[in-house]
There are 2 protein chains.
Amino acid sequence: MSETKIQTMEEFAAASGISRPTVSKYFNDPGSVRDSTRQRIEKALLLFDFRPNIFAINQNRRSTKNIGIIVPYLADPFFAEMARMIERQCIDAGYWPILFSSHGQRQSEINALETLRSLKPAGALIAPLGRASDLELIRKFADDVPTVTFDSNQEIGEVFVGSNNSQSIGLIVEYLCRTGEPPCFFETAPVNPNAIRRRKAYVEAMERLGQTPEIIHAGEQSWDFEQTGLNEGKRVIAERKLPSNTVLCSNDRIAIGFLAAAYQMGLRVGRGPGCAMRIAGHDDHPWSRFTCPPLTTVSQDYSAIVETSVEKLFEIMNSGVRKPKREETLFDGKLVLRESA
Amino acid sequence: MSETKIQTMEEFAAASGISRPTVSKYFNDPGSVRDSTRQRIEKALLLFDFRPNIFAINQNRRSTKNIGIIVPYLADPFFAEMARMIERQCIDAGYWPILFSSHGQRQSEINALETLRSLKPAGALIAPLGRASDLELIRKFADDVPTVTFDSNQEIGEVFVGSNNSQSIGLIVEYLCRTGEPPCFFETAPVNPNAIRRRKAYVEAMERLGQTPEIIHAGEQSWDFEQTGLNEGKRVIAERKLPSNTVLCSNDRIAIGFLAAAYQMGLRVGRGPGCAMRIAGHDDHPWSRFTCPPLTTVSQDYSAIVETSVEKLFEIMNSGVRKPKREETLFDGKLVLRESA
DNA sequence: CAGAATTCTTTACGCGCGTAAACTTTTACT
DNA sequence: AGTAAAAGTTTACGCGCGTAAAGAATTCTG
């Protein structure tokens, strides 16, 4: 490994015996040069481990290889995990993923969008905050940059990929009704359309089954779901406001808070004898297998959502044309039976 | 808001009636121009909302305003939260934070370092993976780029900021001994120096108190702490290998797994009568208040660690000289009493 | 083997901005 | 008011690369 200080493509081209434009071509797409020249370049690459200046590249390329990823709340392992999978897939496809978190805050999302814009990305994958989003801003962004939205369906951009909340909620409502008292639905102030769709799906499923839907709406709009679930859960239990001994929570993080509330109020949760109540969630959150008792829930198909999102994005990016009609892809959830319900 | 398409600084300078070099000066440091000119520029900024091309800026600046952040595992809310705080502080100081996660994997950390390097950052804040790290690579990186390491002390770079494990473990060991059976120490294969230091601190604290240290070492090296805590916890409990009814876990995530294990094995956890065992953790992890029962633990001073890390980094960056001696700043933990111990 | 098709080399320009130097204008202060 | 210091303007260059055009070299046809 020679330690010659190759700094520019000019120098590298000279050292490898290939002209600079050809070397440039190689870095843009190694397959675009003849086999023999590619081998010569790669041999030189081993000797000097040169990397083109990323800023100069992006300044001159018509379109960068940057792909922006914006998730609403990175401290939620659900999104962290999705972000990780998206990153990997982008890298594998030769792109340069850049990750932003909105930290649950409107202003952070706006900042992320602006920063991302200045990176002149080739495309973007955005999971909007939801209620707190500046929808017009995101829409304008999506007008200029090929964009796929996921997780939270906000009628933005050409493509949305997410979960079939209607199906998945239907699944668990049916299960809960079949195996015990029909569930009531516990939600915090809905931060995004998923929450609203799930409530709607709950009502429809209950009515389909000839049951009376009961909704407990509690807490303020916040991404601190566990805390809200805990506080409001304790309150509801203390005030004996629970219309059913079975509680379906709008998502797993709320359910985790509710489980803690039940525990702290001395209620045993589970479906066995001696249990005072059942609690179920939605998402199959990474933590849900470690709760006490482990949480019964419906899984979201993370990897399918991610894979499809990225594929669709590449489609838009490569086609160059706008889709005439907005496209939605929804994946079904699967029942995950654990002990809490 | 005129929608004139101002694209370059040249155009913007013309529109604002200021020369381009002065405008450039303004964007580098708004305080470096006269008040009156700054106001004229900012007035124009409102009209045209122009932003300098980030690639052109970084290509020409001697040193960029980029600051790299590498955390070992972003799906851990502990790191997600730290990353968020670091980002904020960098932005407030006029820098451009770029976040990477090593995803618990050696290769991801290496990739992050290489990518970061090509971004020619002004500085970097790195929480190394630990055992899995390519230490030589990080060291070489730190030789070239002003670097502060945090969380995991690997003898890298000029400055480390982290927790005083010796003090914090001492604190909880003393508490546990004072209020019940002396604790045994439960750990998974140590992924980083913190784990090792904590074990050592446990042994020292126990000996100081005249007790016999008992260490349960279980599981493989992995960042999937909860799962390991659960699996190994169940095994240890089933095999009756617990030397004490009080278990101090190496960190909260392991403790969360162990709590689940105890629950699934039918052991009631807590310090009250009727409880079979006590479980304590370390870190005051965001989730630890939602476990059943809520987890007794020692807090790490997140925000102090973050603030100091960033401050020290700015010091190094601005001083321009290497510190003659490696500097370590450690923060004390505080006892967080909840119900699990 | 000739001719066509590819691929490479040479040459040149420009991206948008940082930065330096020389000069001019504005401000601060005696 | 006069003068020095500070801040602005003008001019010019270069960063490292993408990219285009024209010509030379190579490889692919039949």
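Predicted model: local features only at pLDDT ≥ 70, side-chain atom pairs only at ≥ 80, totals over all residues.

Q: What relates chain B to chain A?

A: Two copies of a chain are related by a rotation about an axis and a shift along it. Here, chain B is superposed on chain A by a rotation of 180° with a shift of 0.1 Å along the axis, at an RMSD of 0.2 Å. That is the relation of a two-fold axis.

Q: Which residue of chain B comes closest to the rotation axis?

A: That residue is B:Phe55, whose C-alpha is at 2.4 Å from the axis.

Q: Through which surface do the copies meet?

A: The interface residues of the copies are to be compared. Because 100% of the interface residues of chain B are also interface residues in chain A, the copies meet through the same surface.

Q: Which way do the residues of strand β8 of chain A point, and are they buried or exposed?

A: In β8(A), residues 246-249, A:Thr246 and A:Leu248 point one way, while A:Val247 and A:Cys249 point the other way. All are buried, that is, under 20% relative accessible area.

Q: Which strands pair with β8(A), and in what sense?

A: Strand β6 of chain A (residues 184-187) pairs with β8(A) in the parallel sense over 3 bridges; A:Leu248 is the bridge partner of A:Phe185. Strand β9 of chain A (residues 278-280) also runs parallel to β8(A), joined to it by 3 bridges, and A:Arg278 in β9(A) stands opposite A:Thr246.

Q: What unit do β8(A), helix α11 of chain A and β9(A) make?

A: With helix α11 (residues 252-264) of chain A, the strands β8(A) and β9(A) make a right-handed β-α-β unit.

How values were computed. Residues numbered from 1 in each chain as written. Chains lettered and ligands numbered in written order. Heavy atoms only, no water. Least-squares fit on C-alpha atoms with pLDDT ≥ 70 in both. Contact = heavy atoms within 4.5 Å. Buried < 20%, exposed > 50% of the residue type's maximum accessible area, 1.4 Å probe, protein only. Helix = DSSP H or I, 4+ residues; strand = E, 2+ residues; numbered from the N terminus. Pairing = 2+ DSSP bridges. Right-handed = clockwise from strand over helix to strand, strands pointing away.
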